[in-house]
Amino acid sequence: MPLYEHVMIARQDLSNSQAESLIEHFGTVLADNEGKLLESEYWGVKTMAYKINKNRKGHYALLRTDAPAPAVQEMERLMRLHEDVMRVLTIKVDAHEDGPSIQMQKRDERDSRRERR
């Protein structure tokens, strides 16, 4: 099955546990449609570059999935309809990277991977 990465931004007035339950909810939507949620990362509340729906901040989350296209389309449809989800970005990837995403790595680890010029 194809591999996907989804980045989701939820409203800032949710609690951390509510934002994490959203991730679990969309994972079950995938499971109901023969897909798998391989990994999820909750990035926390971050400031956005511009306002979305009168919000300056949002709860960010990354979902790594292995699912057929109809399952991903159904999950995206439900995300767009959900009142707490502000934005979703879905990308099809060839392979998932091992380890945490760049957002979850410490700044020291990121700098050691590539030297600045």
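Mentor: Two strands count as paired if DSSP finds at least two bridges between them. Keep that handy as we look at this predicted model.

Trainee: Happy to! Which residue stands opposite Ala10 in β3?

Mentor: Start with the strands: β1 and β3 run antiparallel and are joined by nine bridges. β1 covers residues 3–11, and opposite Ala10 in β3 stands His59.

Trainee: What is the order of the strands in the open sheet?

Mentor: The pairing is antiparallel in this sheet of four strands. β2 and β4 each pair on one side only, making them the edge strands. From one strand to the next, the twist averages 20 degrees. The order is β2-β3-β1-β4.

Trainee: Is Lys46 buried, partly exposed or exposed?

Mentor: Lys46 sits in strand β2, and among the residues it touches are Lys57, Tyr60 and Gln103. Buried would need under 20% relative accessible area and exposed over 50%. The relative accessibility of Lys46 is 29%, so Lys46 is partly exposed.

Trainee: Which element gives the most to the largest nonpolar core?

Mentor: That core has 19 residues, with Met8, Phe26 and Met79 among those with the most contacts inside it. β1, α1, β3 and α2 each supply at least two residues. With six residues, the one that gives the most is α1.

Trainee: What angle does the direction of α2 make with that of β1?

Mentor: For context, α1 lies across β1, β2, β3 and β4, at about 130 degrees to β2. α2 packs on the sheet too, touching β1, β3 and β4. Its direction and that of β1 make an angle of about 5 degrees.

Conventions. Residues are numbered from 1 along each chain as its sequence is written. This is a predicted model: local features need pLDDT of at least 70, side-chain atom pairs count only at pLDDT 80 or more; totals for chains, interfaces and linings use all residues. Side-chain values use heavy atoms; hydrogens and water are left out. Buried means under 20% relative accessible area, exposed over 50%, partly exposed in between (1.4 Å probe, protein chains only). Contact means heavy atoms within 4.5 Å. A nonpolar core is a set of buried Ala, Val, Leu, Ile, Met, Phe, Trp, Tyr and Cys residues joined through side-chain atoms within 4.5 Å. Axes are lines fitted to C-alpha atoms, for helices over the stretch in contact, and angles run from 0 to 180 degrees between N-to-C directions. Lists of a residue's contacts leave out its neighbours within four places in sequence.
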